[in-house]
Amino acid sequence: MSRVVYDGTPIEYDEGDTLAIAAVRNGQHPARGGTLCLAGDCGNCVAIVDGTPWVRTCQTPARPGSVVRRHPSGAHPSPGGPEQHTAVAVRHRRAHHVVIGNGESGAAAAAAARAQGDTVLMLDAADGNEVVGVFDGPTIIVRTPSGIDQLHAHHITLATGAAEIHPVCPGNMLAGIYTPRAAAAAQAAGVDLGRIAVVGRNLVAIHGEVGVSAIELADGTVIECDTVVADLGSAPRDLLARMAPMVPVSVVGPAAAAHALPPCPQEGVVCPCGKITVEDLDGVWSKGFNELELVKRASLTGVGTCQGGVCMPHLRAFVAERSGSEPQPFTARPAARQLTLGEAAAGYHIDTFRRTPLHAEHVALGATLDKFGGWYRPWHYGDPVAEYWAVREAVSLGDVSTLGKMIVSGPDVVEALERLYPNHVHDIKVGRARYVINLTERGHILDDGMILRDADDRFTLTFTSGGASTAEMWVRDWVETWGLKVHVLDRTVSHGAINVTGPLAGELLRRAGVADEERPKFLQHRRLAVAGVPCHVMRLSFTGEASFELHHQIDRSVELWQALMHLGQPLGVRPHGLQALFGLRCEKGHILVGQDTELDTSPRRVNMDWAVKLDKPAFIGREALVRTARLPDERRLFGFTMEGPAPLEGSVIRPVGGAADDVIGHVTSSWNSPLFGHAVLMGWQKRAPHADVVEIDGREAHVSPVPFYDPEGARARL
Amino acid sequence: MNEFVETLLDLPWQTCEPKPAYDVVIIGGGGHGLSTAYYLAARHGITNVCVLDANYIGSGNSGRNTTIIRSNYGIPESVRFYQHSLELYQGLEAETGSWIMHSTKGQIWLAHSVTAARTERTRALMNQACGAHTDYILPDEIKARCPQIDLSGGGRYPVHGASYHHEGATARHDRVVWTYAQGALRNGVHIFQHTPVIGLVKDGDRVTGVHTPNGTISAGIVLSAVGGHVSTVAGWAGVRLPIRTHALQAFVTNAYAQEFAPIVSSNDLVFYVSQTPRGQMLIGAEYDRQASYRTATSYAYLQACSAKATIMFPFLSKLRILRSWAGVCDVSTDFSPIIGHTGVDGFMLSTGWGTWGFKAIPAAGEQLAALIATGTPSPLIAPFGLDRFANELAMADPSSAGTR
């Protein structure tokens with residue numbers, strides 16, 4: 001004989017016992033009391049099984065060494081400390097016809113379906129297949145001994161039968177009360193139930209201290225007994241049907257049959273899960289909670305472990321007697337059976353953060369990496385100020401592989417781009433590039449990037465790292481909407497990009513084999529071999545210094561990076577992370593879409609009307625801009641300077657000497673400029689007249705024209 | 001009688017049929033409709049008011065939310081409005097004598113990246129400036145306030161810090177609904193359940209009443225306080241709304257010993273968890289991407305939400321999911337509510353409550369009642385008028401919605 005540990009005491013069980021049967025075999029109630037159905041319909045046998053509370057012991061086979069603890073008396077079980085997560089297997093299965101419940105009605109339904117030539121899968125909790133829920137699809141979630149099954153079915157038949165009605169009377173939470181089927185099951189397992197009294201609706205009260213000692217009948221008779229078997233009829237076991245009103249299921253057999261409600265309960269516990277009594281129901285009814293849903297919500301009947309399995313017929317009988325009409329049962333909610341978060345989480349994958357082809361290089365260089373725009377990116381390599389100076393004074397490498405990259409081509413490509421972007425496209429010459437913003441239909445800034453013309457009918461587009469994930473969708477959606485002939489090729493993940501930036505950037509390219517005369521000038525681009533790697537070299541500037549973005553196939557990224565790091569060594573090259581980059585671009589007054597802009601930022605709010613050509617006949621957002629241009633708009637992004645230290649980004653901007661809660665905006669970008677020796681900021685003033693001097697972090701800040709650094713842009717053209 | 005039942009106040013229903021006309025007819029007997037009715041009667045003496053609900057009171061989103069009360073928003077107008085609401089909640093039990101099971105728990109809003117930390121710092125700074133009590137806290141303090149957390153985030157979501165909203169709270173959703181219903185009924189307001197509004201009565205451009213299956217009710221003002229189908233109701237009045245409706249799902253576990261003190265949310269993982277006064281762990285996440293009016297729940301949601309929650313709180317993996325549900329959220333394009341006049345005489349709105357409607361019930365009702373009584377929106381709700389969209393004055397606050 002094997003043993004399980006029940007509340008610290010080993011007890012013996014027979015082969016085939018559930019934990020509940022093992023308990024009653026040893027003269028114990030598996031929980032602390034209440035009618036046992038031993039069919040998974042109620043919550044009266046729940047206990048902590050191997051560390052998991054609220055487990056129905058009647059549905060759990062006894063295994064050698066299982067550790068069962070009863071829930072504490074009068075209190076909820078403790079979830080305990082962090083448990084080692086055990087992997088739960090997930091299977092996806094398909095079946096033409098699934099019959100839930102393999103009793104008489106289920107077997108008949110299965111036979112009928114097979115006669116039609118269907119393949120049929122039968123599920124029954126008694127075989128270890130507990131149906132947790134029926135969802136859209138239809139998908140049936142089944143908890144099995146080996147894991148969670150997601151079962152995709154064409155037809156579902158519910159043949160779940162009927163649940164036996166529990167007695168509601170004084171003493172109905174004692175140990176020793178069984179439904180007829182539960183008693184039969186216990187006896188079939190060889191359990192000695194002692195002196196048994198079988199009763200029906202004439203049961204008035206059950207007496208006893210912990211266990212049953214006697215019952216009292218309507219005629220006053222008192223019968224001494226150890227076990228009460230209450231035969232009170234049954235109610236449809238239709239939880240799954242009520243759970244999925246929009247999923248087509250057939251309900252057959254007793255689950256679909258009309259069942260008479262029991263008599264209205266007079267006294268005792270109606271809802272064993274919540275220990276709700278008839279007195280409680282009377283209490284809420286008399287206070288005006290006078291329909292089924294209000295009684296349920298006010299008394300909290302029917303929302304416990306069994307989800308109304310025990311109380312529903314009594315609750316309906318209660319409402320029927322007082323209101324004069326029989327209410328429909330309330331909607332059932334998943335999960336119908338045991339399902340832990342660990343089980344539910346199985347098989348689910350959280351979105352991954354992407355790594356650039358240079359990830360290992362960054363790690364080797366001691367980078368602190370962080371998540372930004374869906375990617376792991378170097379935040380800094382230990383000394384962001386030194387990285388800053390490398391850009392301003394020498395040469396530096398930045399990994400910009402995360403930028404959105406796209407090739408668009410075809411006979412209608414110019415037309416498509418003219419409609420997509422608010423600036424002119426047709427006049428961009430082959431080999432030239434232009435900075436662009438793109439707008440929503442409401443005229444608000446969605447993203448920014450570059451348009452580079454490769455040929456008359458072919459362009460390269462770039463987008464921000466954060467915008468890259470939706471850029472392809474955005475372009476394709478519009479192109480298809482317009483019915484234009486444009487071929488779209490997203491290369492965000494197939495191509496890497498390295499930004500070579502700083503006054504010595506040209507020199508580094510020369511050392512990498514790019515002759516001076518080949519080097520593209522500002523806002524030009526060209527295909528060139530750099531250190532032997534074929535690159536699309538784009539000359540732009542985000543940092544304010546001469547910059548060459550080297551776009552290349554990712555299988556050459558590491559080779560190119562290492563070559564540039566090696567060749568640049570005599571020039572003092574070092575890589576820079578996002579922290580330095582954001583400071584560099586802040587000095588140039590370049591906005592970061594999503595950081596300096598808001599959901600509804602129009603170009604004029606960030607002083608970028610120059611990037612919008614309203615003389616164009618049509619582009620996304622044009623109608624909105626034409627309309628809103630006539631409206632007053634006080635919200636503006638400004639540049640500010642102030643003495644260091646730089647205030648935290650997010651600091652509020654107040655009028656000088658204003659009240660503490662007088663907020664006119666907040667700081668969106670803030671940087672202690674090593675070059676200027678003071679802080680440079682961007683931030684909002686959302687109220688006119690706009691002030692020239694404001695208060696930030698308790699100090700004065702002065703509005704300043706942007707760019708703060710090299711307003712003529714001479715450095716980028718060096 | 002258990003404590004929960006014993007402490008309920010009566011719902012003193014009117015015994016008459018609907019009158020042919022009222023000064024104000026409110027469509028929707030949820031928290032918003034009922035609180036407006038209560039404040040109209042209790043603060044302004046406007047008692048010739050009726051509230052109509054298609055089902056039973058509180059059957060919509062008021063009974064399908066995660067009961068969180070907070071004011072840690074990202075723009076001054078919202079912080080001020082929700083802080084006022086939070087304070088009204090704090091005083092609601094004293095004002096009405098009704099136990100709403102209000103519990104101040106504090107809300108930890110986790111950041112797992114430098115950028116998320118920046119967002120939470122920004123939130124704290126903006127909150128402090130506008131009267132909400134929020135600080136940026138570091139991992140040690142997070143661990144002290146919530147020992148169950150895995151600060152390493154399973155190795156993938158390490159905790160950088162969090163904003164901590166000291167006054168974040170919860171209250172029992174149904175009891176808030178009933179508290180306002182009780183208060184309204186006691187003051188003579190009529191509330192009719194199972195009385196759907198199937199159309200609006202119009203006189204020229206003006207809305208003058210509502211159609212129900214039992215007949216027409218005239219009204220000086222019709223207020224739509226419906227959740228989920230506001231676009232339909234507004235459409236009857238000829239008002240187009242910048243609203244999309246999405247289902248938001250949530251679930252509770254069985255009850256466990258009270259060991260989890262705060263409300264915890266995650267900026268990057270987008271989920272939130274708290275423990276109810278009854279011991280259940282209440283867990284929610286972002287709304288469904290697909291716009292829909294359905295209130296069915298999906299297994300994919302249970303999977304995603306369970307996966308996220310157990311990353312940060314491994315102890316949850318052994319807890320049992322008890323029941324899941326969904327509400328339908330009217331989400332405005334700027335993630336802020338739409339309150340007040342609509343441009344159609346006689347027709348007013350309270351909508352756009354998205355995933356944040358429960359916490360706004362007291363303030364929205366109080367301020368709408370004042371608007372109806374005086375004709376002028378107070379500074380607290382003036383920024384949230386429908387005309388802001390036409391006037392390019394959106395109240396954009398996407399990072400405060402607890403969804404994305």
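## Where the two chains meet

The contact takes 68 residues from chain A and 62 residues from chain B, where two residues are in contact if their C-beta atoms, placed from the backbone, lie within 7 Å. On the side of chain A that touches chain B, the elements giving two or more residues are β4 (52-56), β8 (130-135), β9 (139-144), α5 (278-286), α6 (292-299), α8 (341-345) and β23 (368-372) of chain A. These helices (H or I, at least four residues) and strands (E, at least two) are DSSP runs, numbered from the N terminus. The largest share of this side, 5 residues, comes from α6(A).

What kinds of residue make up the side of chain A that touches chain B? They divide into 30 nonpolar, 22 polar and 16 charged. Here Ala, Val, Leu, Ile, Met, Phe, Trp, Tyr, Cys and Pro count as nonpolar, Asp, Glu, Lys and Arg as charged, and the others, Gly among them, as polar.

## How to read this model

This is a predicted model, in which local features need pLDDT of at least 70 and side-chain atom pairs count only at pLDDT 80 or more, while totals for chains, interfaces and linings use all residues. Residues are numbered from 1 along each chain as its sequence is written, and chains are lettered from A and ligands numbered from 1 in the order in which they are written.

## The two chains in outline

Let's start with chain A, which has 16 helices and 41 strands. Its radius of gyration is 37 Å, well over the 27 Å that the globule rule gives for 718 residues, so chain A is more spread out than a compact globule. That radius is taken over C-alpha atoms, and the globule rule is 2.2 Å times the number of residues to the power 0.38. Along the principal axes, the C-alpha atoms of chain A fill a box of roughly 110 × 60 × 55 Å. Buried residues make up 52% of its 718 residues; a residue is buried if 20 or more other C-beta atoms lie within 10 Å of its own, exposed if 12 or fewer, and partly exposed in between, with C-beta atoms placed from the backbone.

Chain B has 10 helices and 19 strands. A compact globule of 404 residues would have a radius of gyration near 22 Å, and the 21 Å of chain B agrees with that. The C-alpha atoms of chain B fill a box of roughly 65 × 55 × 40 Å, taken along the principal axes, and buried residues make up 63% of the chain.

Now look at α5(A) and α6(A), whose axes are 9 Å apart and pack at an angle of about 120 degrees. Axes are lines fitted to C-alpha atoms, for helices over the stretch in contact, and angles run from 0 to 180 degrees between N-to-C directions. Which residues make this contact? From α5(A) come A:Asp280, A:Leu281, A:Val284 and A:Trp285, and from α6(A) come A:Val295, A:Ala298 and A:Ser299. They divide into 5 nonpolar, 1 polar and 1 charged.

## One residue up close

A:Ala230 lies in strand β17 (residues 227-230) of chain A. Is this residue buried or exposed? A:Ala230 is buried, because 26 other C-beta atoms lie within 10 Å. Leaving aside neighbours within four places in sequence, its contacts include A:Thr35, A:Pro167 and A:Val199.
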